[in-house]
Structure formats: structure tokens, C-alpha cells
Amino acid sequence: TTTVTVWHIVDEYGEDVTDQFDIDDITVEPGKITITPAPLTITAASDSKEYDGTPLTNDGYTVEGLKGGDEVSTVTVTGSKTTVGFGDNIPSDAEFEDPDKIKNYDIEYVNGVLEVYKKSSNIVITAPTDSKEYDGTELTATKDGVEITGVPEGYTVVIDEVTGGATNTYDEGTTTVTVWHIVDEYGEDVT
């Protein structure tokens, strides 16, 4: 609340003429001063990494809009992404060096993005090669002859199905690894 406590009336020449008025007929009403909250934006950090089986987290944040030397002391940032894809990194619960200062701000929290992208690798799966002399029976491909190279440490390629075979010398006889998957050290499918 504001109040006019000292006042006087002057004429057009700047002369004080207050005593020419009946003071009892003059009403002085209080005013009001309002401070509105300033906008403040707190944005959680974004981050990315190649899939490695461990959670991607980042508790960083940026603050825009602080006034008059105010300082944010902490912000809670929660978010975690382990598998390939995107996830939110969520800021909340800002605290100020001076706890009362938070009342001076209209806080907008903006999520960051956590991205885990596919692991790059040069895995090569070579279907088996085999031969035998013609005997009238089919020679079929087996998982035993599959060769695998380039598998990153901590991962295993599991061969589920190999197709192909030949009975006669004129048969095509192509072998193919048709079903496979990659597992991590815990046996989880991470294909």
C-alpha cells in the first residue's frame, strides 16, 4: 500500500496555495504497488550416446531469467534411458540460495531429451560351407558351421536357424542364416 503523506497545492505560477482550500474537503486515498513475478525458464540438459547397456543420465540444467543477483542453488533433474530411443530428462523442484526469492518468479520447466542410438558394429555372420561326395542323401546346413566376427566385447550373437541344403550335384545348395539375435552379458536380447 502507498500513502500520500506530505502534499500541497500550487497555482499555475508554482505558488503554494494550500491554505486557500478547506482541507477537510480533500480526500487522500491509498494506492497499491504490485510486483509481478518475473518469468524464469529452467531447462534440463539433453544428451545422447551409443547403446552400451548402461543407463544414460544427465543432471545438468540451464537457468534463464534470473534478476538482481538471485541464484538457483539446485534443481532436481530426473531421466534415464538405457535402450535405443528417446526419453525425457525432467527438471523440477528448483531451490534458491535465498528461499524467499522463489516467490518472485513464475518458473517454466522445460524437459531435455535423452537419446540412445544403435550401437555401430561391423558384425559379419557367414553361413556355413560344407561338401561331400554324392551319396543320394541330403547335405543340410547346421548352426555348427556358422562363422561370426566383429562382435563387440560383452555381446554374443546367437544363431537360431540356418537353412539350405543339397542332394544332387545340380542343386543350388545355398546356405543362409535366417534367424539370429544379439544378447548382452546378462542374456537380454539387445538386437
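These legends describe close-up views of charged side chains in a predicted model. Residues are numbered from 1 along each chain as its sequence is written, and side-chain values use heavy atoms, without hydrogens or water. Local features need pLDDT of at least 70 and side-chain atom pairs pLDDT 80 or more, while totals for chains, interfaces and linings use all residues.

**View 1. A salt bridge between Lys-119 and Glu-50**. A salt bridge is a side-chain nitrogen of Lys or Arg within 4 Å of a carboxyl oxygen of Asp or Glu; by this rule there are five. Here the N to O distance is 3.5 Å. The pair joins distant parts of the chain, 69 residues apart: Lys-119 lies in the loop between β7 (112-117) and β8 (124-126), and Glu-50 in strand β2 (residues 47-50). Strands are DSSP runs (E, at least two residues), numbered from the N terminus.

**View 2. A salt bridge between Asp-100 and Lys-103**. The closest N and O atoms are 3.6 Å apart. Both Asp-100 and Lys-103 are exposed (over 50% relative accessible area; buried is under 20%, partly exposed in between; 1.4 Å probe, protein chains only).

**View 3. A salt bridge between Asp-135 and Lys-132**. The N to O distance is 2.9 Å. Asp-135 is partly exposed at 47% relative accessibility, as is Lys-132 at 38%.

**View 4. A patch of negative charge on the surface**. Asp-160, Glu-161, Glu-188 and Asp-189 gather here. Patch residues have over 30% relative accessible area and no salt bridge, with like charges joined within 9 Å. Asp-160 is found in strand β11 (residues 156-163) and is partly exposed, at 33%.

Methods
Patches are made of residues with over 30% relative accessible area and no salt bridge: like charges are joined within 9 Å, nonpolar side chains (Val, Leu, Ile, Met, Phe, Trp, Tyr) within 5 Å. Accessible areas come from the Shrake-Rupley method with a 1.4 Å probe; for residues, only the protein chains shown count as cover. Lys and Arg count as positive and Asp and Glu as negative; His and the chain ends are not counted. The place of a charge is taken as NZ of Lys, CZ of Arg, CG of Asp or CD of Glu. Helices (H or I, at least four residues) and strands (E, at least two) are DSSP runs, numbered from the N terminus.
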